[in-house]
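Subject: Structure handover

Hello,

Here is the structure for you to look over. My notes on what turned up follow below it.

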Amino acid sequence: MQKIILALALASLTSVAANATTWVATCNDGKALQYVQTVKGDGFLYLMVNKELYQTARLTQTVEGEATICGTVVANVAATTAPLTQVCINKSRQTISLKYQDPHAAGGSKDVGEFCAASVILRATNLTTH
């Protein structure tokens, strides 16, 4: 009986993971950056050096919307405070942008700046493009 329960639990976890979506944005305006963010999961920043992609930072998701997903570098700030910087993908505008929140500014003002024009695709974890 325990084996059946374990098998059912593993099967349910597999089906949840298969339904996750991964956003992939790659700069296409000469900047050498790629941002990959799995919904409710890990994200990664990659830099292109000599035609090779190198993972440079791991991110955790901070925002998810219909057209935008953002993440912040793991250990950027304490868990109880707002992230200072976030990297965002906007699939409608086909951009990667950076958000900065000054921790000393009143009202938590944020500056948002476009980092690059990007090719943005969404993939299911089973690697089918949709």
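Predicted model: local features only at pLDDT ≥ 70, side-chain atom pairs only at ≥ 80, totals over all residues.

Start with Glu 64 and Lys 40. Their side chains meet in a salt bridge, at 3.1 Å from N to O. The two residues sit in distant parts of the chain, 24 residues apart. Glu 64 belongs to strand S4, which covers residues 52–64. Lys 40 is in the loop between strand S2 (33–38) and strand S3 (42–49).

How many salt bridges does a search of the whole structure find? The count is 2. The other pair is Asp 42 with Arg 58, whose side chains meet at 3.4 Å, N to O. Asp 42 is partly exposed, with 38% relative accessibility. Arg 58 is partly exposed too, with a relative accessible area of 40%.

Next, the surface. Leu 47, Val 49 and Tyr 54 form a nonpolar patch there. Together they have about 260 Å² of accessible area. One of them, Val 49, lies in strand S3. Val 49 counts as partly exposed, at 41% relative accessibility.

Now the disulfides. The count comes to 2.

Cys 27 and Cys 116 form one of them, with their sulfur atoms 2.0 Å apart. The link is left-handed, with -75° about the S-S bond. It joins distant parts of the chain: Cys 27 is in strand S1 (residues 21–27) and Cys 116 in strand S8 (residues 110–124), 89 residues apart. Are these two cysteines, Cys 27 and Cys 116, buried or exposed? Cys 27 is buried, with a relative accessible area of 10%. Cys 116 is buried as well, at 0%. Both values count as buried because the class means under 20% relative accessible area.

A disulfide also joins Cys 70 to Cys 88, S to S 2.0 Å. This link is right-handed, with 110° about the S-S bond. Cys 70 is in strand S5 (residues 68–73), and Cys 88 is in strand S6 (residues 85–90). The two are 18 residues apart, and the pair links distant parts of the chain. Cys 70 is buried, with a relative accessible area of 0%. Cys 88 is buried, with 2%.

What pattern do the disulfides of the chain follow? Counting bonded cysteines along the chain, the pattern is 1-4, 2-3.

For quick reference when you open the file:

- Salt bridge: Glu 64 with Lys 40, 3.1 Å.
- Salt bridge: Asp 42 with Arg 58, 3.4 Å.
- Nonpolar patch: Leu 47, Val 49 and Tyr 54.
- Disulfide, left-handed: Cys 27 with Cys 116.
- Disulfide, right-handed: Cys 70 with Cys 88.

Best wishes

Terms used: Residues numbered from 1 in each chain as written. Heavy atoms only, no water. Salt bridge = Lys/Arg side-chain N within 4 Å of Asp/Glu carboxyl O. Helix = DSSP H or I, 4+ residues; strand = E, 2+ residues; numbered from the N terminus. Buried < 20%, exposed > 50% of the residue type's maximum accessible area, 1.4 Å probe, protein only. Patch = residues over 30% accessible without salt bridge, like charges linked within 9 Å, V, L, I, M, F, W, Y side chains within 5 Å. Areas by Shrake-Rupley, 256 points an atom, 1.4 Å probe, with all protein chains shown as cover. Disulfide = S-S within 2.5 Å.
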